[in-house]
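Here are my notes for someone opening this one for the first time. Have the viewer ready and go through the points in order.

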Amino acid sequence: MPVSLEPLDVGVQCCIPYHFRCPISLELMRDPVIVNTGQTYDRSSIESWVATGNTTCPVTRLPLTDFTFIPNHTLRRLIQDWCVANRSYGVERIPTPKQPADPVTVRLLLSQAASESNTRHARLSALRRLRGLARDSEHNRSVISTHNARDVLIGILFSESKANSLELNLEALTILSSFSLSESECAMVTLDPDRISYIISLLSHSSIEVRINSAALLENIIAGTRLPENRAEISNRDEVFERVIEILNYPLTYPRAMKVGIKALFALCLVKQHRHKAVDAGAVEAIINRLPDFEKCDAERALATVELLCRIPEGCAAFASHALTVPLLVKIILKISNRATEYAAGALLSLCTAAERLQREAVATGLLTQLLLLVQSDCTERAKRKAQMLLKLLRDSWPEKCAGNSDGFACCDVVRF
């Protein structure tokens, strides 16, 4: 479990020795590593620093000539001893970190998994070890992906001898679903209708894990596919929306189902000509029912999906008929993030344009106050433009004391995201 010092007394946080803190995050290091300049950082922090394109040491500003980070075992043990000494203050001992994936080991495991001359047990064991490494860290996934892993996994997943190696297929699916796919890798799937059919069939598997992994892989494929016709080939398949929405509706005790479900649904709804299928499959009720439970990024994606569906008559009508749609959208404005505010405003603009009844309902639930705050905030320009259009649209529904102050809000076109 990651160590969190937030619940501790301020005095305890202040007493953390300076050299136990990562120079980047300023938090207690869990996996201290040494870079070639001699400085020590928490592994996750320095890996994120390098992943964003930085090639210098954050402290010394000297170039990082070697991106192999050496574990600082001595410092880690000192940190663990300090945690034990302060456990009465609520400090938990940091676990000994697992060693990062070794490229030689990764190549060997991929070779064992890909070789059909190996026994089924040996191939399955190799895939399970790869799955464990991929699950441990982003660094491990990066190492695995640089060794042609995705091509190998795609080959195993779509092996023709599925009846004799279903476990192999599903292990490959689990690993593959955690990677982003390149356009060429997506084409390996989308250009073969049988492969698409196989993934979609797994959305009905008895195991929820298999269903979630299948939905995650579908989302990765759609996200990595540029050609609209290839995206449409997936979203046009029978039952794909129904199966994805079933995942989204899975009990809250399984949060990954919600996260993957909304990502897959959003990806499918990017194909405009098939959005009505999402509405017919029950997407509107599923999103509205789940909206209060989403985490930040998932809430943004859910609201983006709402805005997309509100752009077609069927979707707009379905959201308009749900009693909680307008109150939830009004409540969310300015509460989650700038993106969430923009999508909520866009959806409300579509709904209020479609029905005068919803204009009155929106005003009654406090939308005017939210919009006036929005246009004065540091939200995106697109969000402000949508708010200005809404203010103009709702002008006839304003209280009389506010109507005289509305002339300053200009009308403009909605910018599609």
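1. **Ground rules.** What you have is a predicted model, where local features need pLDDT of at least 70 and side-chain atom pairs count only at pLDDT 80 or more, while totals for chains, interfaces and linings use all residues. Residues are numbered from 1 along each chain as its sequence is written, and side-chain values use heavy atoms, with hydrogens and water left out.

2. **Cysteines.** The closest cysteine sulfur to that of Cys-186 belongs to Cys-269 and is 19 Å off, which is too far for a bond. A disulfide here is a pair of cysteine sulfur atoms within 2.5 Å, and the structure has zero of them. Cys-352 is in no disulfide either: its nearest cysteine sulfur, in Cys-316, sits 9.3 Å away. Cys-186 is buried, at 0% relative accessible area, and Cys-352 is buried too, with a value of 0%. (Buried means under 20% relative accessible area, exposed over 50%, and partly exposed in between, using a 1.4 Å probe and protein chains only.)

3. **The overall picture.** The chain has 24 helices and three strands. These are DSSP runs numbered from the N terminus: helices are H or I with at least four residues, strands are E with at least two. The C-alpha trace spans about 70 × 60 × 40 Å along its principal axes. Of the 417 residues, 47% count as buried. Take the contacts (heavy atoms within 4.5 Å) between residues at least 6 apart in sequence: 64% of them join residues at least 24 apart.

4. **The sheet.** The three strands make an open, antiparallel sheet, ordered β2-β1-β3. The edges are β2 (40-42) and β3 (70-71); each has a single partner strand, so one side of each lacks a neighbour in the sheet. Strands count as paired if DSSP finds at least two bridges between them, and β1 (residues 32-34) has two with β3. Look for Ile-34, which stands opposite Ile-70 in β3.

5. **The helix across it.** Helix α2 (residues 43-51) lies across β1, β2 and β3, at about 95 degrees to β2. (Axes are lines fitted to C-alpha atoms, for helices over the stretch in contact; angles run from 0 to 180 degrees between N-to-C directions.) Arg-43, Ser-45, Ile-46, Glu-47 and Trp-49 are buried in α2, and the buried residues of this helix pack against β1, β2, β3 and α6 (138-145). After α2 comes Gly-53, with a positive phi near 100 degrees.

6. **Aromatic pairs.** There are three in the structure. Rings of Phe, Tyr and Trp (its six-membered ring) pair if their centres lie within 6.5 Å; planes under 30 degrees apart are stacked, over 60 edge-to-face, and the rest tilted. Phe-20 and Trp-82 have ring centres 6.4 Å apart and planes at 80 degrees, so theirs is an edge-to-face pair. Phe-20 is in the loop between α1 (10-14) and β1, and Trp-82 is in helix α3 (residues 73-85), 62 residues apart. Phe-158 and Tyr-198 are also edge-to-face, at 6.2 Å between centres and 70 degrees between planes. Both members of this second pair, Phe-158 and Tyr-198, are buried.

7. **Cores.** A nonpolar core is a set of buried Ala, Val, Leu, Ile, Met, Phe, Trp, Tyr and Cys residues joined through side-chain atoms within 4.5 Å. The largest has 115 residues, and Leu-265 and Leu-367 have the most contacts inside it. Helix α14 (residues 255-269) gives the most to this core, ten residues. Beyond its neighbours within four places in sequence, Leu-265 touches residues including Phe-241, Leu-248 and Thr-305. A second, separate core has 19 residues, among them Tyr-41 and Ile-94.

8. **An enclosed helix.** How many of the eleven residues of α8 are buried? Eight are, so α8 is largely enclosed by the rest of the structure. Among them are Asn-169 and Glu-171. The buried residues of α8 pack against α5 (120-136), α7, α10 and α11 (208-224).

9. Arg-395 sits in the loop between α23 (381-393) and α24 (400-403) and is partly exposed, at 29% relative accessible area.
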